Amino acid sequence: MMHRIAIRVGALGLAALVSAPVLTAQTAPFPTQPPAPMPLKPAALPPFQEATLVNGVRVVLVENHRNPTIAYRLALPAGDAYDSKGKTGTATMVAALLTKGAGTRTAEQISAAIEGTGGGMGASTDEDYLSVSGFVLSNAAPIAFELLGDVIARPTFSEKEFELARTQTLSGLQLNAADPGFLAGKYFRAGLYGAHPYGATATATTVRAITRADLQAFHATRVRPRGALLVVAGDITMRQLTTLANRAFAGWTGAPASVATLPAPPVRRTTEILLVHRPGSVQSNLLVGNLAIGPADSTRFAAVLATQVLGGGSDGRLFTILREQKSWTYGAYANLTRVRGIGRFEANAEVRTEVTDSALVELLAQLKRVGAEPITASELEGKRGAMVGSFPLTIETPQALAERVASITLYGLPANYLQTYRTKMAAVTAAQVSAAARRVIRPQQSLIVVVGDGTKLYDKLVKIAPVTIRNADGDVMQASDLTPKVMATAFDVSQLKASRDSFVVMVQGNALGTSVVSVEAKNGGWTMSENTNVMNGMIAQRTTLESDAVLSPVSLQQGASMQGQQTKTDVAFAGGKAKGSAQTPSQTGPQTKAIDTDLPSGTIASDALQMVLPLFRWANNATFTVNVFSAGKGTVEPITLTVVGSESVTVPAGTFDSWKIEQKGGEAAVVFYLAKASKRLVKISPVGQPIELQLAK
């Protein structure tokens, strides 16, 4: 019966549908145009409440009891710009250590305490400010403020944590030295800001110069409550907040030390190119820009839109033209940086080496065009609509709201900036965008940084603008330096002896493989053999390098396996040339590179370093430079080996008083430990990798 009823109802429904009148275009109830947008309304935010704590900290509260959470940001004028000359990196290390022991708690206890609330806390710096930010459930506010008071006012700066932070910082810097994007940004800021602290970047030299006492002194003179800003958003009242904060900051008093007037950034009147030579690079990193405007400049809304039209994502002009039309890059973007002083405009792209000059010319043309030609209505409406529509998402959570309120307060923006952001952005006209672009984007006065292979780029770039050349370490080079020169041998071959050394391969502190290196006299020269096996063959490599009597390479054969990919290198050296091929693993399978490279006299193969290192005359602060052929790059470039200290090293073979030697240049940064007495390599540590080789016997 139920089945028949179901059929009967279905039939009746079908009959009704068939007998319904046919809708025509004249009678269609559906609109043919979208409805007009509703008038924009200011962002609905709770009123900002302000107070001043007894020690002078300025407090801003955005009270909202909708969710049982609070978020905070405590910011102080103690950012990277306040580092002492020659000790760049101090503020960053101070921030790193604030949560690594404070009050009566160790780093582990602080971490356990904040995680036990279901929240988080961290410290960081930017150019201007040192900040401690965090979030917790509102019922955990007492412990959150207790921890905040300890880390900002009572950090311990333990010797152990300091040494660990410095080691990690130095490792990060060595990794950065191999990152073309980092290099581009570093030299771009240095070129734009000159002697102004915004142009400084930490180096191994400045970080090594920093002591624990320097961190304590920085904290004592700069991390002071007067001039500090505490912004809190969420489920808490001003009375609760001030009570908790005054208790947490008890005993923390004073104002930061005064600072000398900062030097003005240089005025750039013409376009200049800085070429950072990176031998063997298959792509170039382009970074183009100029000093722009201050944080509260009245043209910022229009300037931001101009930047978005130019390079704000996949529908920006740079992306559309350089990637979609020209196929020169995976992406090209533009950005307007806000800092307390003068910010900067920058546009960037990573392009293939062979199209670097073409891409740069097109990029400069687009920078000029955005101010010279009116932007189209569709571009304006699209970008303006995106900025207006997405803005609420940037203040949706207590954490985001605390960050935004802190920023507008620190940069001196109007108190109603967040509330009126959408209406002001929506009111920007095409004419205002063009005018702002002409003011903010100045390709005719831009600094251009190109990080890439100078041997293939220099002659093309000088046709665009005057070019200065530096190597990755910042040393000035001449065009003639791009071709490796003959170098005198800096090591004593007569000290070389046959040997066989076995190493344990340590991965994240675990012994997961072996590497055996042997050296023997053969055919009037020397042969070095290496056999490495990690994780039962998951990574394996066999190398045979034959050299003549003075260790100039004769032949190199190498076979390797990495997670199933088989690679092979075969290079012959004769007549001042290296010829052959080399394979390297990639996500799509082994990539083969043909090698036909000039080989200056005195060049050694990179694989010979282990054999050659004991032959230098090492001493405190000794530095040697040697030309090295890299099969992976197919290039010859100088590498520098520098003694950066002495260290007692314990490995499976014993404990050795060793020279600590840093390698700069080549395929990767490496730290070698060479026993002073026996002149044997006892440890090899590739920088930034969780792997090292330790001498076993």
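**Burial, pairing and packing in a predicted model**

Biologist: In this predicted model, why is Asn627 counted as buried?

Modeller: The relative accessibility of Asn627 is 1%. Buried means under 20% relative accessible area, so Asn627 counts as buried.

Biologist: Where is Asn627 found, and with which residues is Asn627 in contact?

Modeller: Asn627 belongs to strand β25, residues 623-630. Beyond its neighbours within four places in sequence, its contacts include Pro484, Lys485, Met487, Gly602, Ile604 and Glu637.

Biologist: What makes β10 and β12 a pair of strands?

Modeller: A pair requires at least two bridges. Strand β10 (residues 283-291) and strand β12 (residues 344-352) are joined by nine bridges, in the antiparallel sense, so they pair by that criterion.

Biologist: In which order do the strands of the open sheet stand?

Modeller: The seven strands follow the order β11-β12-β10-β13-β9-β14-β15, with mixed pairing. Because β11 (329-337) and β15 (476-477) each have a single partner strand, they stand at the edges, and one side of each is left without a neighbour in the sheet.

Biologist: Which helix lies across β9, β10, β12 and β13?

Modeller: That is helix α12 (residues 356-372), which runs at about 25 degrees to β10. Helix α11 (residues 317-325) lies across β11 and β12, at about 160 degrees to β11.

Biologist: How do you know that the span of α5 is close to the expected one?

Modeller: Helix α5 (residues 159-176) has 18 residues. From first C-alpha to last, α5 reaches 26 Å, and 26 Å is expected at 1.5 Å a residue. Its buried residues, among them Phe162 and Leu170, pack against elements including α2, α8 and β27.

Methods
Residues are numbered from 1 along each chain as its sequence is written. This is a predicted model: local features need pLDDT of at least 70, side-chain atom pairs count only at pLDDT 80 or more; totals for chains, interfaces and linings use all residues. Side-chain values use heavy atoms; hydrogens and water are left out. Helices (H or I, at least four residues) and strands (E, at least two) are DSSP runs, numbered from the N terminus. Contact means heavy atoms within 4.5 Å. Axes are lines fitted to C-alpha atoms, for helices over the stretch in contact, and angles run from 0 to 180 degrees between N-to-C directions. The expected span of a helix is 1.5 Å times one less than its number of residues. Buried means under 20% relative accessible area, exposed over 50%, partly exposed in between (1.4 Å probe, protein chains only).
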